[in-house]
Amino acid sequence: MLLWIENWLSGRKQKVTLNGQCSSWKDVLSGVPQGSVLGPILFLIYINEIDVTVACKVLKFADDTKIYRVVNSQEDIESLRNDLKNLVKWSVDWQMLFNTDMQDYTHWT
């Protein structure tokens with residue numbers, strides 16, 4: 001099964017067309033084919049153990065991850081801070097960095 005998945009992900013190329021002009025073909029080095037059924041399943045398997053790194057509650061949907069907890073004390077603040085540090089470490093270790101650019105969250109205002 002692993003060989004099948006490796007073959008499915010290997011040797012892919014893509015090019016971009018803009019205003020009738022095409023780029024040259026480039027190797028695709030990451031990700032899965034868009035619209036594939038296996039893509040979301042493999043993603044969930046990949047991030048499955050992210051919950052183990054935190055004490056907070058974790059909500060995952062597609063490629064969105066949220067942690068939350070009630071904060072009533074300095075200890076709660078430190079626990080949340082520690083969870084955030086653990087998540088950053090996980091994201092670096094697993095090479096899946098979080099997007100922390102608040103400009104992407106204009107719908108919050």
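**Exercises: an aspartate and a ring cluster**

The backbone nitrogen of N72 sits 2.8 Å from a polar atom in the side chain of D76. We're working on a predicted model, where local features need pLDDT of at least 70, side-chain atom pairs count only at pLDDT 80 or more, and totals for chains, interfaces and linings use all residues. Numbering runs from 1 along each chain as its sequence is written, and side-chain values use heavy atoms, with hydrogens and water left out.

**Exercise 1.** Work out where D76 lies and which side chain it joins in a polar contact.

*Solution.*
- Start with the location: D76 is part of helix 3, residues 74–93 (helices are DSSP runs of H or I, at least four residues, numbered from the N terminus).
- Next, burial: D76 has a relative accessible area of 14%, so it's buried (under 20%; exposed is over 50%, partly exposed in between, with a 1.4 Å probe and protein chains only).
- Finally, the partner: the D76 and R69 side chains make a polar contact of 3.4 Å (N or O atoms within 3.5 Å, one able to donate a hydrogen and the other to accept it; residues adjacent in sequence count only if both atoms are side-chain atoms).

**Exercise 2.** Classify the two aromatic pairs.

*Solution.*
- Take Y46 and W94: at 5.3 Å centre to centre and 90° between the planes, they're edge-to-face (ring centres, six-membered ring for Trp, within 6.5 Å; planes over 60 degrees apart are edge-to-face, under 30 stacked, the rest tilted).
- Now W90 and W94: centres 6.3 Å apart and planes at 25°, so this pair is stacked.
- Put together, ring pairs link Y46, W90 and W94 into a cluster.

Terms used
Helices (H or I, at least four residues) and strands (E, at least two) are DSSP runs, numbered from the N terminus.
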